[in-house]
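Dear colleague,

Please find below the structure that I am handing over to you. My notes on what was found in it follow.

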Amino acid sequence: MPSPPWSCPPPPVACRHRTRRAAVIALLSCAPASQAAPAGLPDPIFADGFQQAVLRPFQDILLRPFATEQASCPASGPTTLNVRPGTPVLLCYGLENRSTVVLDSHELVDGIFGLVHQGSQPILPGQTLVVADAGGPRVFERSTLQFTRWRTAGGGLVGEENRSLKVNVAPALVLYRFVETDPARCPTGVLPFFPAPLASGHTRLTVAPGTPVHHCFRARNDSVSTMGASLLSGHQLLDSALAPVVDPAQPLANHELYTVMATQPAAADAAFTSHWSASDGTQTVSDSATSSLVVAGQPACAGIRQGTSFDYVSILGTFITRANIRLDFEIDATPVRGGQAFSVVAGGAITALLPDTYGPRLDTRVVVEIPTGVDLTQPFQAQASIDGGVPIQASVDPAARRLVLSTGPVSGPPASIQVSLTAHADAGTAAIDWLAPRLEQDFAQANGNVNTVVIHPDPGGPPMLHTPRCPAP
């Protein structure tokens, strides 16, 4: 049997929808190490689309991933399963052959757990093959979205189906830990579930010694509404460096956000870890979060290292709703001096994702507005890659002051994107603020049409990168 074409690390036994950043990026950014299909299974991706007859999703093949609390897979099941934390869950995958040929070559990849099945079982026309996750059952502590890709071939045809599977967990709690220099960026108390409270802020800041830093702790009741009310209380908050005050009796309903703050002057480079727990009266749930500080005598002249985490939203006129997608960015920038070149190296990754559907994308465009202070009469260069090294298109529109990164077709789980750019500062702007990008995603529809979905970063979030100007030496 061929080796699994997957570059993911082994998953933990207890699967958490939102772990610490490094683990989450490793989990959600995993992608095939090679785009080539395994031996015996032709690759359906060609330049012109006419070199290989293909099985059409929906018409010829239909993938139905589902989950069950049973010890073995039944013939079918729900694509969304509601459970309590710690419940053993078995993931199952069914492929229906709607074509007129026998399908006898298969490769099944789960976006989190990697290669879960590979074999040559025949599926006759009209029949369905159901296979179980060989690593299951698995224990989920938080809600998760599984991406599934099944490649199949037979009778001279080849095809691929992509579907998602949700495991909703309640009660559930998610913690965010931000560091801010402006206390207004950390409104304390409880925000109600409507309009959906947004949690965006800095996870890493570069500051001068003695700067008052406001440590912002934000806990969201992330329980799924369809499972009923999961009122949380009995709050406990522990931090590696501070003693934030939390009200244990504060009730926190589904999707409400509870925020407390503690202030401390910056002394030296530091990393912080927090742990928040609460209970619905039957079961205690918890989460941990981290943030960090870089302390420099003259931050503007030492270079800025900054991290941000954003809730993404859909905007219709004046109506804003959470898109249930979170993007984290980590950026290093060299000092900015008037009339001189500077460089920015940035990484972005989806670290939480729970839309109702998230299928194959024909293209995802990451649109970065080039801010005031960047002199576009001078050279501006940008290079970008996906999944840690595969180059993607980076184009600059000077008239619109816009940098667009285009991933091209992506069928699997969300990918991490890295970008490096070199630009020149103008002679007058005091600081350059880079805003978080918007995403334009082209989804293929069953009827052949393309649906473009646009999501935006939290309008109340901070700049993705704030680069104050360093005085010329």
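Strands, here, are DSSP runs of E with at least two residues, numbered from the N terminus. The model is predicted, so local features need pLDDT of at least 70 and side-chain atom pairs count only at pLDDT 80 or more, while totals for chains, interfaces and linings use all residues. Residues are numbered from 1 along each chain as its sequence is written, and side-chain values use heavy atoms, leaving out hydrogens and water.

Leu316 lies in strand 20. This residue counts as exposed because its relative accessibility is 67%, and exposed means over 50% relative accessible area, whereas buried means under 20% (1.4 Å probe, protein chains only). Together with Phe193, Phe194 and Phe319, Leu316 makes a nonpolar surface patch of about 500 Å². Such a patch joins nonpolar side chains within 5 Å, from residues with over 30% relative accessible area and no salt bridge (a Lys or Arg side-chain nitrogen within 4 Å of an Asp or Glu carboxyl oxygen).

The largest nonpolar core has 39 residues, and Phe380 is among those with the most contacts inside it. A nonpolar core is a set of buried Ala, Val, Leu, Ile, Met, Phe, Trp, Tyr and Cys residues joined through side-chain atoms within 4.5 Å. Strand 21 gives the largest share of this core, six residues. Beyond its neighbours within four places in sequence, Phe380 is in contact (heavy atoms within 4.5 Å) with residues including Val374, Leu421 and Trp434.

Ser416 sits in the loop between strand 26 and strand 27, and is buried because its relative accessible area is 8%.

Notes
Helices (H or I, at least four residues) and strands (E, at least two) are DSSP runs, numbered from the N terminus. Patches are made of residues with over 30% relative accessible area and no salt bridge: like charges are joined within 9 Å, nonpolar side chains (Val, Leu, Ile, Met, Phe, Trp, Tyr) within 5 Å. Accessible areas come from the Shrake-Rupley method with a 1.4 Å probe; for residues, only the protein chains shown count as cover.
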